[in-house]
Amino acid sequence: MEIDKAIRESDDRRLKTKYNNAIYVIQRALALYSIEEVAFSFNGGKDSTVLLHLLRAGYFLHKGEHGLPNGGLSDHDFKCPIRTIYFESPSAFPEINSFTYEIASTYALEMDIIRLDFKSGLEALLKEKPIRAIFLGVRIGDPTAVGQEQFSPSSPGWPPFMRVNPILDWSYRDVWAFLLTCNVRYCSLYDQGYTSIGSIYDTVPNALLRANKSTEKFKPAYQLPDGRLERAGRVKKIYNSVSGYSDVVSNGPNNLKTCQSSTFTASVLAVGDEILFGNIEDQLGLALCRKLSSVGWTVSKTVVIRNDIDSVAEEVERLKANNDMVFIYGGVGPLHSDVAIAGVAKAFGVCLAPDEAFEEYLRQCIGEKCTGDRTEMAQLPEGITELLLHERLPVPLIKCHNIIILSATNSTELGNQWDCLIELSSSNYSGPLILTDPFVSKQLETSLSDDVTANPDMGHFLLLLRERTQTE
């Protein structure tokens, strides 16, 4: 099998490990279920393309282990009998449809074309076929990945089947390392700057791959420097209260005018026994409130809590439901508070998992001076974490949905981190904050006595106010 041979001959140790783990999951599933009881959901994207070739390699090796003849066939001649499901949609890119049908023909896939929504299509398929497990190309960081494991039963309300996720722990870098190392075909859209493909209505080329500012040409997807920004090419919809329709706003080009008239609320959460004991005076909360007001945000609450995971989780649970954004800071040293991170994970009901990219930043920041386990220090809330990267930040800030965890311990560090947040929010892709007009207050003074202002001649009083305002 050429795929297996390409990986074995590669010098990429990380890719080999990811490949071996994925093959193990596939072979485990093939041992648990018969070939008639498994299916593969293919959508033409990069992740499902990777999974297609992993399944073919996994089935090839599975047959070999069970003494079944492989016949010395080439990759194209070898036929994998796992049933393939394709949900065809009128909103899919033509390139996706073309690629899917070409792949099905090339590898002689037994493909079921379903023209219903995912849930209804599965219900119909599972009534007709004895399918008990479905291979999915879900990766950590995908919106549907939260709470999933490599083997996860379907959610309540869905038809019963086992979700098998062989590439759940793969990163964007891993996906492209596999595709390029194995030299397999992928959809042509990825060579046009698309990094995460949805429908024709919610997907544009990733602005971070634009060749230069004066052109509409884009670099290929595998050149994206930070895989965490692969969804920057997805667009978001803002409801138009006048027309009732949604305007499409790209996650790439900045578009803040639609939010200029909105009011956003934030809460500030300080974590630290040293503040509650009165050992230090909290200056960061006051400074953060001023900075939020300067970009038009209203601070609804500031809270100081104990250095305790449960306390953090309980307060985050309350604040995240009632605010557009929650800022957390606390702890000592150059890193984020472990208690704050663990508390946020508990509030969202997810586990902590090692983050390879964050671990690399820790290595560069503290190097060999670190006396602890960097892998343990780099554990972040699984499936909901976004690293906010900036060249002036030695360690990225952490964003989990509407929670931003700051690592600042003094005003200088806070000023630097805030400036980086603002630059990220004003850049050419969707940033962590929506910037609005700052609040402006005006003060009117009058020399009238209390008796007059209590019962004024309204016409005369308004005239005085107008004249006073016009002179300011």
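Trainee: What is the average pLDDT of the chain?
Mentor: This is a predicted model. The chain averages a pLDDT of 81. Of the residues, 77% score at least 70.

Trainee: And where is the pLDDT below 50?
Mentor: One such stretch is residues 236-261. In the model, that stretch has 50 contacts beyond near neighbours in sequence. Residues 370-374 also stay under 50. For them the model has six contacts beyond four places in sequence.

Trainee: New topic. How many aromatic pairs are there in the whole structure?
Mentor: A search finds 13. Take Phe-40 and Phe-42, with ring centres 5.7 Å apart. Their planes meet at 65°, so the pair is edge-to-face.

Trainee: Why edge-to-face?
Mentor: Because planes over 60 degrees apart count as edge-to-face, and these are at 65°.

Trainee: Is Phe-40 buried or exposed?
Mentor: Buried, at 2% relative accessibility. Phe-42 is buried too, at 1%.

Trainee: What about Phe-87 and Phe-118, how are their rings placed?
Mentor: That aromatic pair is tilted. The rings are 4.6 Å centre to centre, with 45° between the planes.

Trainee: Which parts of the chain does that pair link?
Mentor: Distant ones. Phe-87 is in strand β2, residues 83-87. Phe-118 is in helix α5, residues 118-128.

Trainee: Phe-87, buried or exposed?
Mentor: Buried, with a relative accessible area of 17%. The cut-off for buried is under 20%. Phe-118 has 33%, so it counts as partly exposed.

Trainee: Which residues do ring pairs link into a cluster?
Mentor: Trp-176, Tyr-186, Tyr-190 and Tyr-222. Trp-176 is also one of the buried residues of helix α6.

Trainee: How many residues of α6 are buried?
Mentor: Eight of the eleven, over residues 172-182. The helix is therefore largely enclosed by the rest of the structure.

Trainee: Which ones are they?
Mentor: Tyr-172, Asp-174, Val-175, Trp-176, Ala-177, Phe-178, Leu-179 and Cys-182.

Trainee: What comes just after α6?
Mentor: Asn-183, which takes a positive phi of about 55°.

Trainee: Last one. What lies over the face of Phe-348?
Mentor: Lys-320 does, at 4.7 Å from the ring centre.

Technical notes: Residues are numbered from 1 along each chain as its sequence is written. This is a predicted model: local features need pLDDT of at least 70, side-chain atom pairs count only at pLDDT 80 or more; totals for chains, interfaces and linings use all residues. Side-chain values use heavy atoms; hydrogens and water are left out. Rings of Phe, Tyr and Trp (its six-membered ring) pair if their centres lie within 6.5 Å; planes under 30 degrees apart count as stacked, over 60 as edge-to-face and the rest as tilted. Buried means under 20% relative accessible area, exposed over 50%, partly exposed in between (1.4 Å probe, protein chains only). Helices (H or I, at least four residues) and strands (E, at least two) are DSSP runs, numbered from the N terminus. A charge sits over a ring if NZ of Lys or CZ of Arg is within 6 Å of the ring centre and within 35 degrees of the ring normal. pLDDT is the predictor's confidence in each residue, from 0 to 100. Contact means heavy atoms within 4.5 Å.
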